[in-house]
Amino acid sequence: MLGEGILKGMAETAKNFFGSYVSAERLTTVEYPEDRIAPYEAARVFPFLVFDSKSPSNPDAADWEAGLRCVACQICEKECPPKCIFIEKSKDKKPDAVGKPQFYPARFDIDISVCMSCQICVEVCPFEAIKMDTVFELSTEDRFGGLLLDRKQLAKSNEYFHQIHPTEAADVDDRLSEGRAKTEAKATAGAIAAAIKGAEVPAPKPPAAKPTGAES
Amino acid sequence: MVEKLDQIFVLLQHWLVGYLPAGLQPLGGVVLGVVTIVLLFPALFALTTVFERKGLARIQNRLGPNRVGPFGLLQPIADGIKSLTKEDIVPLSADAAVHFLAPVVLVVTVFMGFAVIPMGRNMVLVDIDAGLLFYFAMGASAELSVFMAGWSSRNKYSLMGAMRAVAQMISYEVVLLLSSVTVVMMTGSLSLTKIIEAQNHYSWGLPHWFIFTPWGLAGFVMYAIAATAETNRSPFDLPEGESELVAGYHTEYSGFKFALFFLGEYLAMFSISGLGTTLFLGGWSAPLASLQWVPSWIWFFSKLMMSIFVFIWMRGTLPRLRQDQLMNFAWKFILPMCMLNLMVAALWHFMGGSWLRWVLCSAILIVAYAGMGFGGLRKKQIGPRRYRYAE
């Protein structure tokens with residue numbers, strides 16, 4: 001019969017209309033600022049810099065600057081498709097998270113008004129230093145300065161990383177400790193070898209010039 | 001007391017006008033009536049926008065606006081302030097004068113329509129003999145303003161929206177007129193007060209509204225469809241189909257001019273619902289003889305709000321039509337049904353008071369509806385769409 005479908009549809013919407021007053025389960029939305037849906041573990045917004053609060057270089061938990069994993073290798077800066085990362089390499093070297101002397105970023109800025117949340121910086125970083133954050137309430141009145149995050153604003157602790165992405169953070173920690181154990185073993189082996197060979201051969205240079213992910 | 005409450009606005013008007021010198025009294029009465037209409041219906045518009053948003057939200061299992069004021073009731077004030085503070089942009093290549101005039105013409109002509117609609121017993125601004133004709137003349141000039149807006153904007157979306165609007169409104173104007181003509185045939189008058197008088201009597205406690213007759217019901221349904229199309233409401237909102245045409249004819253309007261278009265659309269909805277109420281639902285008359293003590297204006301406005309609710313309900317339910325479906329529906333289905341309905345109304349009139357006319361008139365309409373429906377559905381090929389030229 002002509003018009004039957006329309007009547008069926010009207011009945012359906014009427015059911016929704018009255019049902020939404022009767023049963024609260026029907027209401028699929030939440031009232032945002034007061035009620036929130038817990039973010040999914042895979043959620044990502046903008047990148048942040050991870051620092052280790054308890055590491056050989058940073059026994060004092062509060063010092064984010066010493067604990068930064070970033071060594072200013074500038075790979076992420078070069079790979080970033082919209083070019084929203086700006087890094088200035090330091091002139092001197094400081095011991096990094098595993099205690100090796102490394103460069104560190106004198107400046108590390110991310111312009112989140114340009115960033116497109118592609119996560120390429122995270123994928124290319126060999127030091128597990130940059131990860132994706134889940135903070136999304138970033139509105140500001142200053143659209144230039146307020147959206148340009150410097151390294152202090154970007155630095156967040158490894159504990160925070162564990163909090164927002166537990167699985168990924170655990171994987172990262174495993175990889176890092178594995179790498180650390182490997183370098184330690186190599187160092188001890190090198191020391192033993194050097195001790196055996198004595199003064200005959202000068203000790204080999206540590207492979208710090210081109211670091212890879214396993215070493216850091 | 002009941003009588004006083006019924007006539008409270010009329011008495012109020014007389015009392016206020018009584019303070020004026022005798023020579024100015026007729027003018028003063030008219031000005032007072034105009035001011036009341038110009039204030040009342042925009043206020044109703046403001047409330048309706050909230051209720052529409054809340055109703056649509058409930059249909060979609062959401063809560064709707066609930067932040068500004070209690071239950072979000074102050075939302076229209078926030079919206080109004082927002083549209084007032086927005087920049088008024090006129091495109092460089094637009095025809096500035098026509099671009100400015102279009103929303104004004106729309107709102108003015110829509111307001112003119114309210115002049116002849118009786119909103120209660122003795123509550124009509126100007127009771128002219130050809131009230132219905134005046135209403136349709138005013139309603140038809142809304143098309144003009146829509147086309148002014150689309151043409152003067154110099155934007156392809158605006159122009160396409162305006163073309164669609166004009167095609168649609170002219171097609172459905174015919175249906176609107178022909179479905180109303182049955183009422184005129186029955187009452188023998190174009191005066192809206194006379195039309196209500198013809199419906200305002202009761203047998204066995206039930207009213208003699210035209211919707212309770214076979215031709216009246218058919219006419220009302222067709223009137224409602226045509227009214228939806230005339231006011232560009234969903235599912236006939238092709239002229240402003242935002243998924244295709246940005247916003248149709250008001251794409252290039254911003255700020256308060258856009259708000260005027262919005263206001264015009266809702267006012268048109270009110271006035272066309274008011275006219276439909278007057279023609280088929282007995283205007284301000286009570287639905288039961290025992291309820292006649294309730295003031296007449298309460299009945300008029302509750303019927304009006306009921307029709308607005310149905311408009312919103314349809315908007316929440318139906319998807320938008322395609323242009324060819326819209327035109328086919330108007331010219332191939334509703335228009336023949338309208339013609340038939342005219343015949344049925346004539347038959348009803350000439351068959352006198354016998355019960356046979358109920359059976360015969362209903363049978364003719366039902367058979368025609370079912371036959372055209374089945375015929376139309378059978379011929380429809382369901383399958384992939386074929387394009388004649390684009391393949």
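This is a predicted model: local features need pLDDT of at least 70, side-chain atom pairs count only at pLDDT 80 or more; totals for chains, interfaces and linings use all residues.
**Entry 1**

I checked the peptide bond from B:Ser234 to B:Pro235, and it is cis, with omega near 5°. I also looked at B:Asn232, which comes just after H9(B) and takes a positive phi of about 55°.

**Entry 1: helix H9(B)**

I then went back to the helix itself. Helix H9 of chain B covers residues 214–230, and its 17 residues should span 24 Å at 1.5 Å a residue. I found its end C-alpha atoms 24 Å apart, which agrees. How many residues of H9(B) are buried? I count 14 of its 17, so I put H9(B) down as mostly covered, a residue being buried if 20 or more other C-beta atoms lie within 10 Å of its own.

**Entry 2: the cores**

I looked next at the largest nonpolar core, which has 82 residues. The members that touch the most other members are B:Ala162, B:Val175, B:Met222, B:Tyr223, B:Ala226 and B:Leu267. Several helices of chain B give two or more residues to this core, among them helix H5 (96–114), helix H6 (131–152), H9 and helix H11 (255–280). Which helix gives the largest share? I found that H7(B) does, with 12 residues.

Not counting residues up to four places away in sequence, B:Ala226 touches B:Tyr172, B:Val175, B:Leu176 and B:Ser179. I also noted a second, separate core of 27 residues, which includes A:Val50, A:Cys73, A:Tyr104 and A:Ile112.

**Entry 3: B:Ser179**

I picked out B:Ser179, which lies in helix H7 of chain B. Why does B:Ser179 count as buried? It has 29 C-beta neighbours inside 10 Å, and the cut-off for buried is 20 or more. Leaving aside its neighbours within four places in sequence, I found B:Ser179 in contact with B:Gly219, B:Met222, B:Tyr223, B:Ala226, B:Cys338 and B:Asn341. I also took the C-alpha separation of B:Ser179 and B:Phe220, which is 7.3 Å for residues 41 apart along the chain.

**Entry 4: the loop between H3 and H4 of chain B**

I looked for positive phi values in residues other than glycine. B:Asn61 has phi near 60° and is found in the loop between H3 and helix H4 (75–85) of chain B. B:Phe71 has phi near 55°, and its place is in the loop between H3 and H4 of chain B. B:Phe71 is partly exposed, with 14 other C-beta atoms within 10 Å.

**Entry 5: where the chains touch**

I found 13 residues of chain B in contact with 13 residues of chain A. On the side of chain B that touches chain A, the elements giving two or more residues are helix H3 (25–59), helix H12 (296–317) and helix H14 (356–379). I sorted the residues of that side into five nonpolar, six polar and two charged.

**Entry 6: sheets of chain A**

I traced an open sheet of three strands in the order E2-E5-E7 of chain A, with antiparallel pairing. Strand E2 (85–89) and strand E7 (148–149) stand at the edges with a single partner strand each, so one side of each is left without a neighbour in the sheet. E2(A) pairs with strand E5 (residues 105–111) over five bridges. In E5(A), A:Pro105 stands opposite A:Lys89, and A:Ile110 is the bridge partner of A:Ile85. E5(A) pairs with E7(A) over two bridges, and the partner of A:Asp111 in E7(A) is A:Leu148.

I then traced another open sheet of three strands, E6-E1-E8 of chain A, where the pairing is mixed. Its neighbouring strands are turned by 55° against each other on average, direction ignored. Strand E1 (residues 47–51) and E8(A) run parallel and are joined by three bridges. A:Phe51 has A:Ser157 in E8(A) as its bridge partner.

**Entry 7: helix H7(A)**

H7(A) is hardly covered, with a count of one buried residue among its 32.

Key:
Residues are numbered from 1 along each chain as its sequence is written. Chains are lettered from A and ligands numbered from 1 in the order in which they are written. Two strands pair if DSSP finds at least two bridges between them. Helices (H or I, at least four residues) and strands (E, at least two) are DSSP runs, numbered from the N terminus. Two residues are in contact if their C-beta atoms, placed from the backbone, lie within 7 Å. Ala, Val, Leu, Ile, Met, Phe, Trp, Tyr, Cys and Pro count as nonpolar, Asp, Glu, Lys and Arg as charged, and the others, Gly among them, as polar. Axes are lines fitted to C-alpha atoms, for helices over the stretch in contact, and angles run from 0 to 180 degrees between N-to-C directions. The expected span of a helix is 1.5 Å times one less than its number of residues. A residue is buried if 20 or more other C-beta atoms lie within 10 Å of its own, exposed if 12 or fewer, and partly exposed in between; C-beta atoms are placed from the backbone. A nonpolar core is a set of buried Ala, Val, Leu, Ile, Met, Phe, Trp, Tyr and Cys residues joined through C-beta atoms within 7 Å.
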